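Please keep the sequence and the three-dimensional view at hand while reading.

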Amino acid sequence: MRPALVWLRNDLRLRDNPALAAAVLRGGPVVALYIRDDAGEGRWPPGEASRWWLHHSLARLDGSLRGRGSRLILAKGDSGEELLRIARASRAGAVYWNRRYEPAAYARDGAVAASLAHAGLEARDFNGSLLFEPWAVSNRQGRAFRVFTPFWRRCLELPVDRPRALPAGPLRRPSAWPRSLALDELGMITAAGWHDGLAAAWQPGEEAAAARLRRFVGGALGSYAQDRDRPALDATSMLSARLHFGELGPRQVWQALRALSGDSGVFPPSNSARVFLGEMGWREFAHHLLFHFPRTAENPLRPDFSRFPWAADPGGAMLRAWRKGLTGYPTVDAGMRQLWRTGWMHNRVRMIAASFLVKHLRLPWTEGARWFWNTLVDADLASNTLGWQWTAGCGADAAPFFRIFSPVLQGRRFDPHGEYVRAWVPEIARLPARFI
């Protein structure tokens, strides 16, 4: 049987990878490949922090494949052209991949599928990144949801597939491997001065993702409902980047929580598990919205906000102060410095920092979305868009514009002793908590 290509993107794992499992079960040799195709991402190619993560996650994935007697092929350029080139070089008869839902990627995948079929190749796609397909969830009128609670209530009525196991043993190799670039030739890593901070904070890869899930389920999940908004605590899952790059699939998370139910059959097994699954639901809702309203990555869902009177910022001084964590508001500055140092920011602090930009400084939410896109290791177009439009009051199920997150009151409530601020704003670390 002729080989099957498995085109990997945001699904950098062996476990519960539907496209890879289908290729293996097909019975022929399997060639796994990754193509860096920035043009195919439209106006949203991976940002600086995302590229750092990708570089290291691809290295880990190649190691995992080599442990199964295979390897990862790397290429750069137009996805359709590279897939056809590699298919010819490996004499492949099929190309499998897991679906992407972002507007540019979804359009590209449709064009690629047509091109592969025209060339006589079997082309199949699968769902490897969501619990529920965006088109499978609709309201009573058959339309997309715009409010989270009824959306998630409807989702919870639908079945969730169990994770797919990859057959044991070595993967079948082709008679000859197609030419591959070296990882450094993809050009993911640049000379940005913050990569040391990312390396100190993270270990990308499937095994690290699985270990983090086990640690969370066995520990912080127990008090998640009470502690998740406390940025000084290790109380959240820290799985957002793992899920975005597909080092971990949402079905694996769902199954890990379902296993806690044991023989009782009660699911979710606790209030904290229910709250955490709700956060998974917001991730699903974000993709649902972006799929059905693709213009919202750059335009407000509510058209009246397109005429909003944003403030002038001569020379960009206010925006620079916000980006650097030099606003003088301790909680905001702590969050922005955590972001720059580690590529991540606690979710509660993201809301505070975002609200400060659009409501205290009255600068466009799109400026914040672009900065987060470049600096977050978990930069996900759907979630980033939902978060910023929710904060600005111009999106689905959004907080009204007059709802303002006071940095002072939020700090008192969620960082009452000032530990979070002290960790990231050392110049005021010795002040009493009431001043922080």
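Buried means under 20% relative accessible area, exposed means over 50%, and partly exposed lies in between (1.4 Å probe, protein chains only). By that definition arginine 242, at 6% relative accessibility, counts as buried. The model is a predicted one, in which local features need pLDDT of at least 70 and side-chain atom pairs count only at pLDDT 80 or more, while totals for chains, interfaces and linings use all residues. Residues are numbered from 1 along each chain as its sequence is written, and side-chain values use heavy atoms, with hydrogens and water left out. Helices (H or I, at least four residues) and strands (E, at least two) are DSSP runs, numbered from the N terminus.

**The sheet**

- Five strands form an open sheet in the order S3-S2-S1-S4-S5, and their pairing is parallel; two strands pair if DSSP finds at least two bridges between them.
- The edges of this sheet are S3 and strand S5 (122-126), each of which pairs on one side only.
- From one strand to the next, the twist averages 25°.
- Strand S2 (residues 30-36) pairs with S3 in the parallel sense, over five bridges.
- Within that pairing, alanine 32 has leucine 72 in S3 as its bridge partner.
- Helix H4 (residues 103-118) lies across strand S1 (4-8), strand S4 (94-98) and S5, and runs at about 165° to S4.
- Angles run from 0 to 180 degrees between N-to-C directions, and axes are lines fitted to C-alpha atoms, for helices over the stretch in contact.

**Tyrosine 96 in the sheet**

- Tyrosine 96 is located in strand S4, and with a relative accessible area of 2% this tyrosine is buried.
- Beyond residues up to four places away in sequence, tyrosine 96 touches Leu5, Val6, Trp7, Ala19, Ala22, Ala23, Arg26, Glu122, Arg124 and Phe126, where contact means heavy atoms within 4.5 Å.
- Between tyrosine 96 and alanine 32 there are 64 residues of separation in sequence and 9.6 Å in space, C-alpha to C-alpha.

**Two loop residues**

- Serine 70 is found in the loop between helix H2 (48-67) and strand S3 (72-76).
- This serine 70 counts as buried, at 5% relative accessibility.
- Not counting residues up to four places away in sequence, serine 70 touches Val30, Leu65, Leu171 and Trp177.
- Leucine 130 occupies the loop between S5 and helix H5 (148-155), and at 1% relative accessibility leucine 130 counts as buried.
- Apart from its neighbours within four places in sequence, leucine 130 is in contact with Tyr101, Pro250, Arg251, Arg283, Glu284 and His287.
- Leucine 130 and histidine 287 are 157 residues apart in sequence, yet 8.5 Å apart in space, C-alpha to C-alpha.

**Packing of H11 and H16**

- Two packed helices are described by the angle between their axes and the distance between the axes.
- Helix H11 (residues 271-292) packs with helix H16 (residues 381-392) at an angle of about 95°, and their axes are 8 Å apart.
- H11 is therefore roughly perpendicular to H16; angles of 65 to 115 degrees count as roughly perpendicular, under 35 as roughly parallel, over 145 as roughly antiparallel and the rest as oblique.
- On the H11 side, Trp282, Arg283, Phe285, Ala286, His287, Leu289 and Leu290 meet Leu381, Ala382, Ser383 and Leu386 in H16.
- The residues of this contact of H11 with H16 comprise eight nonpolar, two polar and one charged; Ala, Val, Leu, Ile, Met, Phe, Trp, Tyr, Cys and Pro count as nonpolar, Asp, Glu, Lys and Arg as charged, and the others, Gly among them, as polar.

**Salt bridges**

- A salt bridge is a side-chain nitrogen of Lys or Arg within 4 Å of a carboxyl oxygen of Asp or Glu, and by this rule there are 26 salt bridges.
- Arginine 242 and glutamate 247 meet through their side chains in a salt bridge (3.3 Å, N to O); glutamate 247 counts as buried at 1% relative accessibility.
- Arginine 36 forms a salt bridge with aspartate 38, with the closest N and O atoms 2.8 Å apart.
- In that pair, arginine 36 is buried, with a relative accessible area of 11%, whereas aspartate 38 is partly exposed, with 26%.
- Arginine 302 forms a salt bridge with aspartate 304, and their closest N and O atoms are 3.6 Å apart.
- Arginine 302 counts as partly exposed at 35% relative accessibility, and aspartate 304 counts as partly exposed at 39%.
- A network of salt bridges links Arg9, Asp37, Glu41, Arg100, Glu102, Arg108 and Asp109.
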